[in-house]
Amino acid sequence: MAIIKKKCWPEYFQLIKNGKKKVEIRLADFEIKPGDVLVLEEFDPETNTYTGRQIKKKAKSIIKFNPTLMHRYEDMKKFGFYIIDME
């Protein structure tokens with residue numbers, strides 16, 4: 001089990017804390033597997049500082065994908081992506 005620390009902006013940190021955000025999308029520039037612990041450290045981009053608050057979450061499942069295989073770069077830049085949490 002690895003412990004992985006990542007920055008988390010305040011608005012997303014609060015959604016995770018309140019239980020309203022259960023999905024995280026991150027650039028796959030690190031190794032992670034189910035069972036690893038993600039330590040999300042609240043970071044304020046306006047002041048460029050950490051607030052000192054942390055949330056620890058266990059990775060349940062990991063899906064790695066490359067959107068450039070499915071979409072043109074111009075479309076990704078124009079439209080962006082949705083993150084859809086389904087029941």
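Helices (DSSP runs of H or I, at least four residues) and strands (DSSP runs of E, at least two residues) are numbered from the N terminus. With that in hand, the protein has two helices and three strands, and along the sequence they follow the pattern β-α-β-β-α. What you see above is a predicted model, in which local features need pLDDT of at least 70, side-chain atom pairs count only at pLDDT 80 or more, and totals for chains, interfaces and linings use all residues. Residues are numbered from 1 along each chain as its sequence is written, and side-chain values use heavy atoms, with hydrogens and water left out.

Let us take the overall picture first. The C-alpha trace spans about 40 × 35 × 30 Å along its principal axes. The accessible surface (Shrake-Rupley method, 1.4 Å probe) comes to about 7,600 Å², and carbon and sulfur atoms account for 55% of that area. Of the 87 residues in the protein, 20% are buried; here buried means under 20% relative accessible area, exposed means over 50%, and partly exposed lies in between (1.4 Å probe, protein chains only).

Now turn to the strands. They form an open sheet in the order β1-β2-β3, with mixed pairing; two strands pair if DSSP finds at least two bridges between them. The edge strands are β1 (3–8) and β3, each of which pairs on one side only. Neighbouring strands of this sheet are turned by 25° against each other on average, direction ignored. Such angles lie between axes, which are lines fitted to C-alpha atoms (for helices, over the stretch in contact), and run from 0 to 180 degrees between N-to-C directions. Strands of a sheet pair through backbone hydrogen bonds, either parallel or antiparallel. Here β1 and β2 run parallel and are joined by six bridges. To find one of the partners, look at I3, whose bridge partner in β2 is V37. Helix α1 (residues 10–17) lies across β1, β2 and β3, and it runs at about 35° to β3.

The charged side chains come next. Side chains of opposite charge can pair when their charged atoms come close. A salt bridge is counted when a side-chain nitrogen of Lys or Arg is within 4 Å of a carboxyl oxygen of Asp or Glu, and a search of the whole structure finds six of them.

E42 counts as buried because its relative accessibility is 6%, while R53, at 31%, is partly exposed.

Another pairs D36 with K33, at 3.6 Å from N to O. D36 is buried, with 2% relative accessibility, and K33 is partly exposed, with 47%. Further along, R72 and D75 form a salt bridge whose closest N and O atoms are 3.4 Å apart. Here R72 counts as exposed at 52% relative accessibility, and D75 as partly exposed at 29%. Finally, look for K21, E24 and R26, which are linked in a network of salt bridges.

Notes:
Contact = heavy atoms within 4.5 Å.
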